[in-house]
Amino acid sequence: CGSSPAPAAASSTDAPRSTGPDRVAAVFSAGFEGYPSYRIPAIVRMGQTLVAFTEARSVGSDLEKIALLAKRSHDNGLSWSAPSLVAGSTASPWQSAHGNPVPIADEAHGMLHVVFSLNNTWPFHTVSKDLGMTWSAPRNISGMVKRPGWGWMATGPNHGLVTKRGRLLVPFNTFPAESKVVTEVVQTHCAAIGECAHYMNADGSGALSVKFIVSNTADPSEPELTATLVNVSAVPQFLAAGGRSGVFYSDDQGETWRLGGQVYTMPGSSECVVEEVGDEVLMSFRIEDLRTSGGCRHMARSIDGGESFPSWYVPSAGPPFEQACVPDPTCQGSLLSLGSGQVVLTSGPTFSVRQNLTIHRSTDLGRTFQRLLQVNDGAAGYSDLVRLGETSEAWSVGVLVETSSSPEWLAASLIFAAFEVPKPKAAEAAEIAWRVRQMIIEV
């Protein structure tokens, strides 16, 4: 159903590990400052200022009036300002969900961009030139990036990216409102019929598979999403919807936007994040169907600045914990590149449920990962990573993560945790540089 290249061998040196973060602080607390619930974190660093974003919810569910708020910190997350409104209002007389924030810190031009979704349907863009204290009137950019026939179009949620060449990249996910699904079911050795399979499929070599093609009937020029699922006879709902991860971008500081690459060969790809790793753009994305994802985080690479993501893969987690992959219990996760990709971090909950936020570390441009540390015990959902600073020995990193003590996440809070990521030693750094050169040659 998609290309899945064999991952590179894990480094012979174990990733440095610690038992938990160095410090934790509350940022948005359920029931305080006017709202019963705060979800969907995003965070960036602009100069010496951290700016944290959240969806402020009047009830707690996805289907309600939602305002987009921000807070600032000038001491690396030790203390936080009062909240300020970025967009929307829960006092609106009609349902208007302003959410899924994607902040982009363009320090070269002194601009803090935020792209967000209105009702998970229309992307909007706003800009601050004073570190998030005031914002321009949100501008609907749907006409530049949304194809005919698309329904759902949700940005991020996560930080966006300014590439080394100055391109602004916004991750998003979408599925068409107008579509056609064509399926072809293939059976071998009576795999679908128990009594027949008892005789015809005794060695277990038979299989039941379904190939399906999802096309956008309102836009025949859009590439079709194609995949083959094994050991199923019908296409699950979220896969048949034709969902896919992608990016759109701007090369003129947000004046105009263009649609970039999308993942057309992995059904059900959804919420995603992008980081520049070496000369590539690395995408990490969620899969909406746990049976298809295998509970594993999926990734894709672009070598043309985000204009295409031709293939996907499942990075292994490797030793010392012997996990098969980086866990994804059908949840958003974050990604952070340190030292131009010398180290790549990913954050997300554990395999089966949304709890115990865990950080994984890669030293081979995201091909393989090792577990680095666990941020918290208990409920943990969406998260976003941010670089705080560095010394000659380590990077300082922060993570903004949602947690909750209520069922169905109807009273969620956001906490901020900081931790150190040791830099590779000289010998390991030389090995990393050699592997990176080999990977570039292979590409």
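Which handedness, right-handed or left-handed, does the link of C190 and C196 have about the S-S bond? In this predicted model, the link of C190 and C196 is right-handed, with 60 degrees about the S-S bond, and the sulfur atoms of the two residues lie 1.8 Å apart. C196 has a relative accessible area of 25% and is thus partly exposed.

The count of disulfides comes to two, and the other pair is formed by C296 and C325, whose sulfur atoms are 2.0 Å apart. The torsion about the S-S bond of C296 and C325 is about -75 degrees, so this disulfide is left-handed. Because C296 lies in the loop between α4 (290-293) and β20 (298-302), and C325 in the loop between β21 (312-313) and β22, the pair ties together parts that are 29 residues apart in sequence. Both C296 and C325 are buried. With bonded cysteines counted along the chain, the disulfides follow the pattern 1-2, 3-4. Burial also applies to C272, at a relative accessible area of 1%, and to C331, at 0%.

The largest nonpolar core comprises 19 residues, of which L338, L345, I359, L385, V397, F419 and V421 touch the most other members. Elements giving two or more residues to this core are β22 (334-338), β23 (343-348), β25 (370-374), β27 (394-404) and β28 (412-422). A second, separate core of 17 residues includes A56, V386, L388 and A418. When residues up to four places away in sequence are not counted, the contacts of I359 include L345, L372, L373, V375, L385 and F419.

T368, located in the loop between β24 (358-362) and β25, counts as buried at 2% relative accessibility, and its side chain is joined to that of D364 by a polar contact of 2.6 Å.

How values were computed. Residues numbered from 1 in each chain as written. Predicted model: local features only at pLDDT ≥ 70, side-chain atom pairs only at ≥ 80, totals over all residues. Heavy atoms only, no water. Core = buried A, V, L, I, M, F, W, Y, C linked by side-chain atoms within 4.5 Å. Buried < 20%, exposed > 50% of the residue type's maximum accessible area, 1.4 Å probe, protein only. Helix = DSSP H or I, 4+ residues; strand = E, 2+ residues; numbered from the N terminus. Contact = heavy atoms within 4.5 Å. Polar contact = N/O pair within 3.5 Å; in protein donor to acceptor, adjacent residues only side chain to side chain. Disulfide = S-S within 2.5 Å.
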